[in-house]
Amino acid sequence: MSTPRPWSLVAAREIRVKLTDKNFLIGTVLTVLLILAAMLLPTLFGGNDGPGEYDVAVVDDTAATVVEQAQTEGGAGVPGLGGSGGAEAPVLTPLTVADRDAAETAVLDGDADAALVGEAGSWEMLTDEGAPMELEAALTETVRTQGMQANAEAAGTTVEDLTQGTLLTVTNLAETQGGGDPIFAFVIGLAFAALFYMAAIMFGMQIANSVVEEKQSRIVEILAAKIPVRQLLLGKVLGNTALAFGQIALIAAVSLVGLTFLDLDVALPGLAGAIAWYLPFFLLGFIALACVWAAAGALASRTEDLQTTTMPLTMVLVIVFIAGINLDGVYQRVFSFLPVASTIIMPMRLVEGGVPVWEPLLALAIVVAFCALTIGLGARLYERALLHTSGSLSWRKAMTMKN
C-alpha cells in the first residue's frame with residue numbers, strides 16, 4: 001500500500017530504532033547524570049560554605065576587645081568577610097591565657113587557631129604554618145581600623161576626613177552595557193559549542209551509518225523501488241534531527257534545573273533568552289549538515305569506508321569548534337554570521353550581551369539560505385551515490401556522476 005507521506009514512515013522508523021537501542025539510551029542517561037554530577041557534587045562535597053569558627057588566644061582584655069570587635073564588625077570593608085563582600089563573617093572567640101608563652105603553646109598544640117599578642121600599635125598574630133585567610137583578614141582589618149581611629153583622634157580629625165578621596169570604585173563595563181560576567185558567558189558559550197559539536201558528530205555519524213548499512217545489506221534497493229530516494233533522505237534527516245533536538249532539549253532542561261541548586265541561578269533570566277536563540281541556531285545548523293552526512297554515507301559501500309568519506313565533515317566541525325571558542329573582537333563578530341560557525345559563536349555573543357537584535361536575525365536568515373544550498377547539494381550526491389555499490393566514491397567523482 002502506498003502512503004502520501006513515505007518520509008514520515010522512514011522518520012518514525014529511525015526514531016523507533018534509536019529509542020529501542022540500549023547503547024543510545026544508556027549514553028543519554030549517562031550524559032545527563034554526568035552533567036548533574038558536575039554541577040551538584042562540588043556543592044555536596046565542597047565542605048562547609050558557612051563562616052569559619054576560630055579560637056584566638058589572648059593574654060589581656062585589650063587583645064580580647066580587638067577579637068570581639070573583629071567578630072562584631074565582621075571584617076567590615078574586607079571583600080568576602082561581610083560588610084561589602086556579602087559573605088558571612090567568621091566567628092571569632094577570644095581564649096584567655098596567662099602570657100605569650102602560653103599563647104604559643106595553645107597555638108602549637110591546636111587549642112587555638114591563632115594568637116593575638118602585643119599592644120595597640122604593635123600587634124602580632126601567632127600561627128602554626130599560617131592562619132586561614134578569613135581569620136587573618138578580619139583581624140588585620142580590625143587592627144587597621146583601630147589604628148586609624150587613634151591616629152585621627154591624636155591629629156584632631158576623623159577617620160572619614162583622613163580617608164576622603166581614597167575610595168576606588170570598580171565599574172564593570174560589560175555589565176553596565178547590558179552584558180554579564182565574562183567568565184560565566186564563556187563557560188555557557190563553551191557548553192553551547194560543545195553540545196552542537198557532539199550532536200553534529202554523533203547523530204551525523206548515525207545518519208551516515210544508517211545509509212551505508214542499508215547499502216551494504218542491499219535493503220536500499222528494495223526501499224528505492226518503493227519510495228522516492230528524496231523521500232527516503234528526508235525521513236532519515238527529519239528523524240535524526242528530532243532525536244538530536246530532543247536530546248539537546250533534555251540536556252538543557254536538566255542543566256537549568258541544576259542551576260537552581262547553585263549560586264548561578266540568578267543568571268537564569270538572561271540564560272533563558274540565550275537558550276531561546278540557541279535552539280533555532282542549533283536546529284538549522286544541524287539540518288544544514290544532516291543531508292551532507294547522508295551523502296557521506298551514500299559515498300561509502302562498506303562501513304569501513306565511512307572514515308574516509310566522513311573525514312572532510314569531521315575536520316570542518318573540529319576547525320569550527322576550535323575557532324568558535326577562541327575567536328574574539330572583530331573576527332568573532334564576522335564569523336558569527338557564517339553558517340555552521342554561527343551556531344557556535346552567535347549564542348556565545350548573545351550570552352555576553354550587547355548584541356543588537358538584527359544581528360542574530362540576519363545570521364539566522366543566512367543559515368536558512370545555507371540550508372537550502374546544502375540540502376540541494378546533499379540530496380544530489382545522495383541520489384547519485386546511493387545505488388553505487390562497487391567501492392567507495394570520492395566527493396569530486398560523485399559530483400560529476402549522472403543520475
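Biologist: How do you know that the sulfur of cysteine 371 is too far from the closest cysteine sulfur for a bond?

Modeller: The closest cysteine sulfur, in cysteine 291, is 8.8 Å away, and a disulfide is a pair of cysteine sulfur atoms within 2.5 Å. The pair is therefore too far apart for a bond. This is a predicted model, in which local features need pLDDT of at least 70 and side-chain atom pairs count only at pLDDT 80 or more, while totals for chains, interfaces and linings use all residues. Residues are numbered from 1 along each chain as its sequence is written, and side-chain values use heavy atoms, with hydrogens and water left out.

Biologist: What makes cysteine 371 count as buried?

Modeller: Its relative accessibility is 6%. Buried means under 20% relative accessible area, exposed over 50%, and partly exposed in between (1.4 Å probe, protein chains only). Cysteine 371 therefore counts as buried. Cysteine 291, with 5%, is buried too.

Biologist: Why is valine 330 called exposed?

Modeller: Because its relative accessible area is 56%, and exposed means over 50%. Valine 330 lies in helix α13, residues 329-335. Helices (H or I, at least four residues) and strands (E, at least two) are DSSP runs, numbered from the N terminus.

Biologist: Why is aspartate 109 called exposed?

Modeller: Because its relative accessibility is 54%, and the cut-off for exposed is over 50%.

Biologist: Where is the place of aspartate 109?

Modeller: Aspartate 109 is in the loop between α4 (100-108) and β3 (114-117).
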